[in-house]
Amino acid sequence: MQAYSLNDIFEKGLLILIPFYIFSHEKNFAIYNSDEKKLAKLKAEYQKILDKLDGLEEQGVTGAFDKRTIVELSGDVIKEIAQKYENVQKGVGDLMGGALIETTARSILNQGINQGITQGRSQGISQAQEETAIRMLQDGDLPKDKVAKYSGLKVEDVERLAERLAKSM
């Protein structure tokens with residue numbers, strides 16, 4: 001795999017590689033962990049990444065969700081590979097994987113998932129209720145109030161279905 005510099009990543013729009021870029025520093029974590037000046041340089045580099053991502057978001061080049069996902073993934077990578085290096089984890093990990101960023105990205109995703117599940121359930125229940133009522137109406141033996149009771153629909157809905165069925169015959 002070709003190694004990309006940070007400038008290459010931004011110039012070529014390969015933002016998804018940012019979490020992998022972190023691995024280029026892994027071999028120096030022990031040094032960063034014990035040398036405040038070198039750790040400060042590393043933190044400055046990651047602050048630069050955050051600033052560039054903010055700028056791209058402001059320009060409309062990337063969306064908020066994509067940016068937050070990249071930052072969250074970067075934070076997760078740092079958390080995993082810098083486990084033995086408390087200072088690196090605190091300095092860069094907190095910068096890249098702050099609670100607000102993680103919470104926001106995951107919150108957006110979870111809201112979308114929950115909304116989809118809720119909509120799917122309500123549509124599935126309504127469709128199943130309607131299909132049951134149609135079968136009962138086609139049978140022709142039950143009054144509309146009983147069809148409504150057994151299908152879970154309102155009487156008005158059953159009456160509309162009965163009218164629709166009568167027109168289609």
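**Aromatic pairs: worked exercises**

Phe29, Tyr32 and Tyr85 form one aromatic cluster. The model is predicted, with local features needing pLDDT of at least 70 and side-chain atom pairs counting only at pLDDT 80 or more, while totals for chains, interfaces and linings use all residues. Residues are numbered from 1 along each chain as its sequence is written, and side-chain values use heavy atoms, with hydrogens and water left out.

**Exercise 1.** State how many aromatic pairs the structure holds, and classify Phe29 with Tyr32.

Solution. Rings of Phe, Tyr and Trp (its six-membered ring) pair if their centres lie within 6.5 Å; planes under 30 degrees apart are stacked, over 60 edge-to-face, the rest tilted. There are two aromatic pairs. For Phe29 and Tyr32 the centres are 6.5 Å apart and the planes at 55 degrees, so this pair is tilted.

**Exercise 2.** Decide whether Phe29 and Tyr32 are buried or exposed.

Solution. Buried means under 20% relative accessible area, exposed over 50%, partly exposed in between (1.4 Å probe, protein chains only). Phe29 has 2% relative accessibility and is therefore buried. Tyr32, at 11%, is buried.

**Exercise 3.** Classify the pair of Phe29 and Tyr85, and locate both residues.

Solution. The ring centres of Phe29 and Tyr85 are 5.9 Å apart and the planes at 70 degrees, so the pair is edge-to-face. Phe29 lies in helix α3 and Tyr85 in the loop between α5 (64-81) and α6 (86-96), 56 residues apart, so the pair links distant parts of the chain; helices (H or I, at least four residues) are DSSP runs, numbered from the N terminus.

How values were computed:
Helix = DSSP H or I, 4+ residues; strand = E, 2+ residues; numbered from the N terminus.
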